[in-house]
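The following paragraphs lead the reader through the links that join separate parts of one chain. Please keep the sequence and the model in view while reading.

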Amino acid sequence: MHQRKRFLTRALVAAALVTLTLTAPEAVADPAPDAAARTGGATVTGASADAMTAVSREAAAPAKAAMSTGTVRFNGWGFDTCVTPSLATMRAWGSSKYRSIGVYYAGRGRGCPHQPELDRAWVSSVYRMGWKVLPVFVGSQSPCVGAENKRKFQIGSNPSGQGTKEARQAVQAAGGLGMLKGTPLYLDMEAYDTGDRTCADVTLSFIRSWDREVKRLGYVSGFYSSADSGVAQIGAARRAGTTDLPTVMWFARWQKKPSVSGEPSLPANSWTPHLRIHQYEGDVTETHGGRELSIDRNRVDAPVARIS
């Protein structure tokens with residue numbers, strides 16, 4: 001996410017050109033930001049038609065249970081930044097087009113583990129301002145992760161057990177910040193070498209066990225990675241009929257049109273409707289209300305945190 005190094009951008013762009021040449025885009029309409037998004041509001045789906053349609057597309061029963069507890073859907077623009085901004089900055093950024101923020105709330109692999117602003121009061125305050133929170137958990141990383149600064153956080157010899165343990169940590173930390181069941185927790189898996197089959201299998205085992213436990217505990221399992229590594233592997237696993245995969249997909253493909261549809265690494269009509277986020281640009285600087293931040297930009301049509 002916002003923690004990655006710039007050298008990955010060139011690799012992603014090159015890979016994207018190859019992928020786009022070989023793969024036709026899926027035929028999924030990209031919805032315009034809805035009225036709730038334009039006004040800073042949100043739609044509580046719960047057992048509504050949208051939520052039930054989304055659930056029906058997920059194969060695993062735990063995913064259905066997690067979604068049926070009630071979800072909050074947001075359709076619009078978002079950003080993420082390494083260190084949680086102050087409340088004053090969040091007020092100032094109310095003048096921007098953004099209405100959702102990705103927050104690195106927990107996980108041993110965070111690039112910015114020190115988050116002096118982030119606590120239950122911060123989450124409650126930004127919620128009252130009208131912001132929608134996307135909780136990002138940066139836990140253990142793939143053994144073949146590309147970013148050198150992430151290699152010290154590699155998945156160990158028991159990926160399934162480790163995934164379950166870290167899922168419990170993710171849920172506990174989310175609850176401590178006032179995020180209720182039905183909240184999506186986005187597992188951040190930085191770009192890795194999917195061509196290394198042993199490594200890819202270890203990574204998938206970790207992701208699937210993390211997914212199962214998050215859903216069992218009543219939260220919604222989300223996943224973030226680069227479109228040409230983690231997202232491509234999960235997409236291929238879904239095509240192959242693999243179960244216990246994340247319910248919501250947050251894919252990074254930079255320097256492309258901001259759209260949640262047409263991503264070639266994802267199977268057609270999967271993770272729809274309202275189950276996708278596209279991180280379309282990163283490491284950019286913006287100023288709103290006199291407050292400057294370095295951010296990644298996201299197009300969001302997905303569940304966001306339920307705040308108590």
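A disulfide is here a pair of cysteine sulfur atoms within 2.5 Å. By this rule, the predicted model contains two disulfides. When the bonded cysteines of the protein are numbered in sequence order, the pairing reads 1-2, 3-4.

Cys-82 counts as buried because its relative accessibility is 12%, under the limit of 20%. Cys-112, at 18%, likewise counts as buried.

A disulfide also joins Cys-144 to Cys-199, again with S to S 1.9 Å. Here the torsion is about -90 degrees, so this disulfide is left-handed. Cys-144 is found in the loop between strand 4 (132–137) and helix 7 (159–176), whereas Cys-199 is part of helix 8 (residues 197–216), 55 residues apart. Both Cys-144 and Cys-199 are buried.

Helix 8 leads on to a packing contact. Helix 8 and helix 9 (residues 230–239) pack at an angle of about 75 degrees, their axes lying 11 Å apart. Because angles of 65 to 115 degrees count as roughly perpendicular, helix 8 is described as roughly perpendicular to helix 9. Helix 8 contributes Ala-200, Asp-201, Leu-204 and Ile-207 to the contact, and helix 9 contributes Gln-233, Ile-234 and Ala-237. By class, these are five nonpolar, one polar and one charged residues.

The structure also holds twelve salt bridges. In one of them, Arg-208 pairs with Asp-244, the closest N and O atoms being 3.7 Å apart. Arg-208 lies in helix 8 and Asp-244 in the loop between helix 9 and strand 7 (248–252), so this pair ties together parts that are 36 residues apart in sequence. Arg-208 is partly exposed, at 24%, while Asp-244 is buried, at 15%.

Another salt bridge joins Arg-297 and Glu-286, with closest N and O atoms 2.7 Å apart. Arg-297 lies in strand 9 (residues 291–304) and Glu-286 in strand 8, so the pair ties together parts that are eleven residues apart in sequence. Arg-297 is buried, with a relative accessible area of 18%, and Glu-286 is buried at 11%. Finally, a network of salt bridges links Arg-168, Glu-213 and Arg-216.

Terms used
Residues numbered from 1 in each chain as written. Predicted model: local features only at pLDDT ≥ 70, side-chain atom pairs only at ≥ 80, totals over all residues. Heavy atoms only, no water. Buried < 20%, exposed > 50% of the residue type's maximum accessible area, 1.4 Å probe, protein only. Helix = DSSP H or I, 4+ residues; strand = E, 2+ residues; numbered from the N terminus. Axes fitted to C-alpha atoms, helices over the stretch in contact; angles between N-to-C directions. Parallel < 35°, antiparallel > 145°, perpendicular 65-115°, else oblique. Contact = heavy atoms within 4.5 Å. Nonpolar A, V, L, I, M, F, W, Y, C, P; charged D, E, K, R; others polar. Salt bridge = Lys/Arg side-chain N within 4 Å of Asp/Glu carboxyl O.
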